[in-house]
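Trainee: Could you go through this structure with me? I would like to ask things as they come up.

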Amino acid sequence: MNTRLIAAAAILLSLGVGASAHRLDQYLQATMISVEKDRVQVVLRLIPGVVVSSAVLASIDSNGDGVISESERWAYAERVLDDVSITLDGNRLTLRLVSVEFPATEEMKQGLGEIQIGFTANLPAGGTNRRLVFENHHQNRIAAYLVNCLVPRDRDIRVIAQNRNEQQSLYQLDYVQAGSGADSASLKGWSTIRGWMGAAGFASIFRLGMRHIAEGTDHLLFLLALLLPAPLLAVGSRWIGFAGARRSLLQIVRVVTAFTIGHSITLAIAALGLVRVPSRPIEVLIAVSILVSAAHAVRPLFPGREAVIAAFFGLIHGLAFATTLGELGLDRWQRVASILGFNLGIETTQLMVIAATMPSLVLLSRTRAYPGLRIGGALFAGCASVGWIVERLLNVHSSVDVIVDGVAHCAVWTAAVMFLISLACGSLPNIRYKQPTATRHPVKAVVGGPNTSFPTIYSKAIIHCERTGRSETTRPTRAICCKLLLDKPTSARYTSLRILGDRES
Amino acid sequence: MNVFSMRTMSGVCALAAIWLAATAAAAQTATSRIVREANSFLSTLDEKQRQSVLFAFDDEKQRARWSNLPVSFVSRTGISLKELNAAQRSAALALVSSALSPRGFEKVEQIMEGDEVTKTNEGNNPIFGKDLYYISILGQPSEKDPWMLQFGGHHLALNITIAGERGVLTPTLTGAQPALYTSNGKTVRPLGKESDKALALLNAFDENERKQAILSYHLADLVLGPGQDGKIIQPEGLKASAMNERQRAMLLDLISEWADIIHESAAAARMAELKADINETWFAWSGPTTATSGKNITAYYRIQGPHLVIEYAPQTLGGDPSMHVHTMYRDPTNDYGRRFTAK
């Protein structure tokens, strides 16, 4: 560093240039990419700063005669081309040099003027969703890279996303290429719409939806927190044991469906521009929704009404999804098609996550380890949500995202490990709950009043009303049935009762 | 008629004369004012000087001969203030001033003064200084036919196209180094508002909006600097259609720091155009999201719309990037007023 500075100072003094002139010790390399239907054109502008220009010049002037000859120019351009690469959908393209322009050598010595290298590559025919990756590592040590793409002149080509690394040495361009190019002018509009409705935009929007929810950990955290107690029965203000495989499954399906319906409605409304909601309150409400479902996982707040809550907060989450679609700057028609694709993408990821986690949850919920997992998970979601609420309300930065993303990063491993643990726990009898027994009695079976007798006396039983989702625990069972009937002798709300619990031996 | 009524009559006549004169002055359009100043500047020059100031209107080389660099690096043509005597110089500055708003001309003066400060700081380095600014005219100053006025040097390139009543300032480059200096005991930041208003806008965003506005990569310099005329890059960042009314107003106010450099009637037309585009306008930020109070930001930002590119690019050399900035103001669809001058 020091030697470089001294060298810089020496060169500056010798040129009589002030230190405040311009870029000194970097080799600015600005790339402009232009994508067409069957080829990509690239212009690379190379501007060595005054401190590095002599080194750059020396590398160009290979015979050292102080003159940059025509052949040395082209040879240098070829070397630059060796240091860059373009791939399309993973296939490396062959680059062809088109033009090489050099400023006067004197100008370059002073760190002025720019070398311009133009090159092109044919784009092989392929799908409608394309990913072009440009990489430049020419003179990486001293380089300052810039890379951009021009808005495609061809209206059938639409840029979906641009991603770069911090240094801009790596650039990834996702675009959609609709239409075959044979359409007449009058059909062009239709073909674009067809292109979007067809496989074209659809798959990439679908992927965008998948990515959005995978990266939008807050949406998944809400759903997972809400599903934590799904295999359990609520009695009074407590979660107690396993509610049965069938009921757990039904509960999961109900919650997920309700969430989907909720967010689909608002996603469609907002993405079509029918309503516009400021994003900040929405983001805060999303964080609140996680807090609510985390609290519910600790203590039942709305047992039996999880689906309603999921649908309600789904409405809010949908508004946030819409902003992502809005960022694409699509017109209204394209949006209609994209909503569908985007939503399907979200659903797919959602279902994948649920498929990966729920079996373990259901298995673990039969064990004594489950309360720990449930409370731990709820606390994690709760802490994250409080962090997000504070962050989004006060507009401050916290490390919530870093932590949650860190956890999400190893999600696959966590899910796998959890599944193995759940299998192990399930097979170890000493940490398993005693096998619960469930008996279903239609109400009319107990209508007989205090004298109704059950075939067995249970040491502890829960009376659960399927309709209201309410449960009560009691012992012995006969008494509560009597009590229930005495309390509400004419209640029509109880259609069936389920008695669960440990059979008294 | 008595004396009293005579006095009243003459008073009324005098008032009417003043009113007429005032109306006449107001009726005189910006273009006619600029043409008059241009002609009076040209009339102060001798034949040889006039030769070096005047270019053909379609001289593409001269049009594009501007830069952010000091004049010794990229030589400007036209005539520098240094080569003019006091009367010629004030006529030249009067011409530049007539084409700009008072606020725009003040900005230009501060940029030039900044170069004078640099000159002093660098031991009277002859490559800097407020007299090393060049003026040139492309075409004949006219109220009907299009012509151009160029004024620039280190960190400044004004390209003003006059086409009838229309005035176009794109492309124009402003820059400042030092971006903060003291002149006559007063602290001056030539591009201070460009920095402060942008930071205020960024701070008006919520978490989600910031996430969209802030780019994940480093931008070392202008993307569409000198020589990059007419290029439309894929926009990035946060789209103003996703902003609220207040944020959009802040964005327009930030844009006005460039759009309002030109004289008022041209600026009003330009702002109306940019306001109509606002929902299609993007704001992108790269770099530190805070700044030392009273200093410029050290982050890059870009505003891009269908008829607009603004770039603000701090320069890392010379140590403190808050002290050195280049900015670019473009309309890629209307470089040098082509939209209005095309035949």
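Trainee: How much of chain B is buried?

Mentor: Buried residues account for 48% of the 343 residues in chain B, where buried means that 20 or more other C-beta atoms lie within 10 Å of the residue's own, exposed means 12 or fewer, and partly exposed is in between, with C-beta atoms placed from the backbone. Bear in mind that this is a predicted model, in which local features need pLDDT of at least 70 and side-chain atom pairs count only at pLDDT 80 or more, while totals for chains, interfaces and linings use all residues. Residues are numbered from 1 along each chain as its sequence is written, and chains are lettered from A and ligands numbered from 1 in the order in which they are written.

Trainee: And how many helices and strands does chain B have?

Mentor: Chain B has 11 helices and 14 strands, taken as DSSP runs numbered from the N terminus, with helices being H or I of at least four residues and strands being E of at least two. Among its contacts between residues at least 6 apart in sequence, 67% join residues at least 24 apart, a contact being two residues whose C-beta atoms, placed from the backbone, lie within 7 Å.

Trainee: Is strand β7 of chain B covered or open?

Mentor: Strand β7(B), residues 172–176, is mostly covered, with five of its five residues buried. T172(B), T174(B) and A176(B) point one way, whereas L173(B) and G175(B) point the other way, and all are buried. In a regular strand the side chains alternate between the two faces of the sheet.

Trainee: Which strands does β7(B) pair with?

Mentor: On one hand, β7(B) pairs antiparallel with β5(B), residues 156–163, over two bridges, and there L156(B) has T174(B) as its bridge partner. On the other hand, five bridges join β7(B) to the antiparallel β14(B), residues 325–330, with T172(B) opposite Y329(B). Pairing here requires that DSSP finds at least two bridges between the two strands.

Trainee: Why is β11(B) largely enclosed?

Mentor: Four of the five residues of β11(B), residues 282–286, are buried, so the strand is largely enclosed by the rest of the structure. Strand β10(B), residues 238–239, runs antiparallel to β11(B) and is joined to it by two bridges, with L238(B) opposite F283(B). Strand β12(B), residues 300–305, also pairs with β11(B) in the antiparallel sense, over five bridges, and S286(B) stands opposite Y300(B).

Trainee: Switching to chain A, in what order do the strands of the open sheet come?

Mentor: The five strands of that open sheet in chain A follow the order β5-β6-β2-β1-β8, with mixed pairing. Strands β5(A), 96–101, and β8(A), 143–149, stand at the edges with a single partner strand each, so one side of each is left without a neighbour in the sheet. The twist averages 15° from one strand to the next, with axes as lines fitted to C-alpha atoms, for helices over the stretch in contact, and angles running from 0 to 180 degrees between N-to-C directions.

Trainee: What joins β1(A) to β2(A), and what lies across the sheet?

Mentor: Nine bridges join β1(A), residues 27–35, to the antiparallel β2(A), residues 39–48, and S34(A) stands opposite Q41(A). Helix α3(A), residues 70–83, lies across β2, β5 and β6 of chain A, running at about 130° to β5(A).

Trainee: What about Q29(A), buried or exposed?

Mentor: Q29(A), which lies in strand β1 of chain A, is buried, because 29 other C-beta atoms are within 10 Å. Leaving aside neighbours within four places in sequence, Q29(A) has contacts including L44(A), L46(A), N136(A) and Y145(A). The C-alpha atoms of Q29(A) and N136(A) are separated by 9.0 Å, although these residues are 107 apart along the chain.

Trainee: Last topic, how many residues does each chain bring to the contact?

Mentor: Chain B brings 33 residues and chain A brings 36 residues. On the side of chain B, the largest share, four residues, comes from helix α8(B), residues 207–213. By class that side has 14 nonpolar, 11 polar and eight charged residues, counting Ala, Val, Leu, Ile, Met, Phe, Trp, Tyr, Cys and Pro as nonpolar, Asp, Glu, Lys and Arg as charged, and the others, Gly among them, as polar.
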